[in-house]
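Please keep the sequence and the picture in view while I talk.

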Amino acid sequence: AIFAQGQPGCDVLVAPDILDVLITTNGTATSSLFLAVTPSILGATFFHQMIPLAVNAQGAWTSITATNALRLTAGIF
């Protein structure tokens with residue numbers, strides 16, 4: 001494992017093409033990505049995954065986990 005805090009079975013399954021940082025104190029985070037209404041991206045496939053880093057009161061990493069990966073298709077359905 002790259003990090004000692006990494007949990008078993010928590011794998012990075014997508015390329016980090018777009019990175020964002022979300023900070024939460026209640027254990028819930030919501031992300032979104034704006035896609036312009038452009039015919040050229042209709043049907044394009046995107047992948048999404050979150051990698052939560054838990055920290056203690058001193059700011060030290062206590063665990064690193066990963067959500068399931070999502071495969072998303074641009075369009076109106």
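Let me begin with confidence: the protein averages a pLDDT of 83, and 90% of the residues score at least 70, where pLDDT is the predictor's confidence in each residue, from 0 to 100. This is a predicted model, in which local features need pLDDT of at least 70 and side-chain atom pairs count only at pLDDT 80 or more, while totals for chains, interfaces and linings use all residues. Residues are numbered from 1 along each chain as its sequence is written, and side-chain values use heavy atoms, with hydrogens and water left out.

Now to the overall layout. The protein has zero helices and four strands, and these terms refer to DSSP runs, numbered from the N terminus, with helices being H or I of at least four residues and strands being E of at least two. Read along the sequence, this gives the pattern β-β-β-β. Confidence is lowest in E3, at a mean of 84, and highest in strand E4, residues 70–73, at 92.

Which strands does the hairpin bring together? Strand E2 (residues 53–55) and strand E3 (residues 61–64) run antiparallel and are joined by three bridges; two strands pair if DSSP finds at least two bridges between them. One detail to look for is Leu-53, whose bridge partner in E3 is Ile-64. Between the two strands of this hairpin there are five residues, and Gly-59 takes a positive phi near 90 degrees there.

Next, let us ask what is hidden from the surface. Of the 77 residues of the protein, 6% count as buried, where buried means under 20% relative accessible area, exposed means over 50%, and partly exposed lies in between, using a 1.4 Å probe and protein chains only. Gln-49, in the loop between strand E1 (45–48) and E2, is buried, with a relative accessible area of 12%. A polar atom of the Gln-49 side chain lies 2.7 Å from the backbone nitrogen of Leu-13, and the backbone oxygen of Thr-67 lies 2.8 Å from a polar atom of that side chain.

Ile-51 lies in that loop between E1 and E2 as well, but Ile-51 is partly exposed, because its relative accessible area is 37%. Although Ile-51 and Cys-10 are 41 residues apart in sequence, they are 8.8 Å apart in space, C-alpha to C-alpha.

In the segment before E1 we find Ile-41, which counts as partly exposed at 25% relative accessibility. Ile-41 and Thr-73 are 32 residues apart in sequence and 9.2 Å apart in space, C-alpha to C-alpha. Ala-44 also has its place in the segment before E1, and with a relative accessible area of 26% Ala-44 is partly exposed. Ala-44 and Ala-74 are separated by 30 residues in sequence and by 5.4 Å in space, C-alpha to C-alpha.

Finally, what lines the second largest pocket? Its lining includes Ile-41 and Ala-74, together with residues such as Leu-35, Val-37 and Ile-76. A pocket here is an open set of points on a 1 Å grid over the protein atoms alone, where a 1.4 Å probe fits, with protein on both sides within 12 Å along at least five of seven lines, and lining residues have an atom within 4 Å of a point.

Technical notes: Polar contact = N/O pair within 3.5 Å; in protein donor to acceptor, adjacent residues only side chain to side chain.
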